[in-house]
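Subject: Structure handover

Hello,

Here is the structure for your files. Please open it alongside this note.

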Amino acid sequence: MAKFHVRKRIGKARRRASKVKDNVKGFGKRQIHRIPMPPYHHALLSLSLISALFAFIFFSRSPKLALIFLILMLAFDLLDYIITEKYFLHSNSRAIRDNMADRISEGILFIQFFNPWFFLFTINCILTLVGYIKRRNLSIPLKIFFVFYFVVFYVL
Amino acid sequence: MNPLVHFFANFLLARIVFGIGWEYAPIILIFSVILDLDHIHYFFSNFKGLKTFTRMDLSSRSRFQELYGLTIISAFASVAYFLLNHTLLKVIIICIVLHFMIDFLVGHTRPLYPYSKDEVFLSIFRTLKTRAFIEIFLTMVLGVILWLSFM
């Protein structure tokens, strides 16, 4: 009997937690739909890749300028995500496109920081392929972690 | 993109970042075009005159020009890091990753081939004319900048 009550309480707590999670997610999505954005999105990923290339060029010359390009790269990615959410542009080929763009920009960024970032990039490539076969998103957002690493060890 | 654009872009980037000279030119030339070698088979099996070069089918791209190839190459590079000269290795990887990037930006690709045949196109240069113009423009501009960098 006691076990039954405990299970019931756990079930209630889980349901409440998932409700809160859904509310937070829903709130985020509602805010995204309020942002005024044009439906033009084709150039955003290209701009993100080009920003990664410029960040790579400036890594050894001017870390602060490289950081600006890294932030630009993340901003273009975010804009692309917002437009996808706002205009319901989700599709399989779009997910593949985003994954490939992420892997290419990681590949460019991590050449200068081979150990350990390029090894992580290799693992991420494998995870992307395995994730597609298993129908799960297994890839790691390495770019975001890398920006924090770069700020802490090279800019500050 | 044509092999010259790949070569000029890779050489220029490697020169800007690592300050390398002509001694790396043969290596950059080899690794700039090595990914495109799979087109040779396509040219021989589907030869239709000039159309073969202007309207290349996606089937001309093997799995080694997609994420599958990038994964294998990066795995080899990770092992080679402990064996090869680091500058040489980084130059080789620049050549390969930039090749992937230029192809992805400009043309039609199937990133997850052979697991998925979904086509991806960033829709920047939509018509053949625009693309031809951009190719000629980039070949000339990158060639001139590279030449000027040695002056």
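Below are the conventions, then the findings.

This is a predicted model: local features need pLDDT of at least 70, side-chain atom pairs count only at pLDDT 80 or more, and totals for chains, interfaces and linings use all residues. Residues are numbered from 1 along each chain as its sequence is written, chains are lettered from A and ligands numbered from 1 in the order in which they are written, and side-chain values use heavy atoms, with hydrogens and water left out.

The interface

Start with the contact between the chains. Chain A puts in 34 residues and chain B 36 residues; contact here means heavy atoms within 4.5 Å. The area buried between chain A and chain B is about 3200 Å². Carbon and sulfur atoms give 82% of that area. In chain A, the residues that lose the most area to chain B are A:M100, A:F114 and A:L129. Together they account for 19% of what that side buries. Buried area is the accessible area (1.4 Å probe) that two parts lose on being put together, summed over both.

What about polar links? Between chain A and chain B there are 5 residue pairs in polar contact, both residues at pLDDT 80 or more. A polar contact is a pair of N or O atoms within 3.5 Å; within protein, one must be able to donate a hydrogen and the other to accept it, and residues adjacent in sequence count only if both atoms are side-chain atoms. Salt bridges across this interface number 0. The rule there is a side-chain nitrogen of Lys or Arg within 4 Å of a carboxyl oxygen of Asp or Glu.

On the side of chain A that touches chain B, helix 2, helix 4 and helix 5 of chain A each supply at least two residues. Helix 5 of chain A gives the largest share, 12 residues. Helices are DSSP runs (H or I, at least four residues), numbered from the N terminus. That side of chain A divides into 21 nonpolar, 10 polar and 3 charged residues. Ala, Val, Leu, Ile, Met, Phe, Trp, Tyr, Cys and Pro count as nonpolar, Asp, Glu, Lys and Arg as charged, and the others, Gly among them, as polar.

Cysteines

The disulfide count over all chains is 0, where a disulfide is a pair of cysteine sulfur atoms within 2.5 Å. For A:C125, the nearest cysteine sulfur is that of B:C95, 18 Å away. That is too far for a bond. A:C125 is buried at 0% relative accessibility, and B:C95 is buried at 1%. Buried means under 20% relative accessible area, exposed over 50%, partly exposed in between (1.4 Å probe, protein chains only).

Backbone points to check

Two peptide bonds are cis. One runs from A:N115 to A:P116, with omega near 10 degrees. A:P116 lies in helix 5 (residues 114-134) of chain A. The other runs from B:Y113 to B:P114, also with omega near 10 degrees. B:P114 sits in the loop between helix 6 (86-106) and helix 7 (128-149) of chain B.

Positive phi values come next. A:F88 has a phi of about 50 degrees, although it is not a glycine. A:F88 is in the loop between helix 3 (63-86) and helix 4 (92-109) of chain A, and is exposed at 63%. A:R135, not a glycine either, has a phi of about 60 degrees. A:R135 falls in the loop between helix 5 and helix 6 (142-155) of chain A, and is exposed at 62%.

Best wishes
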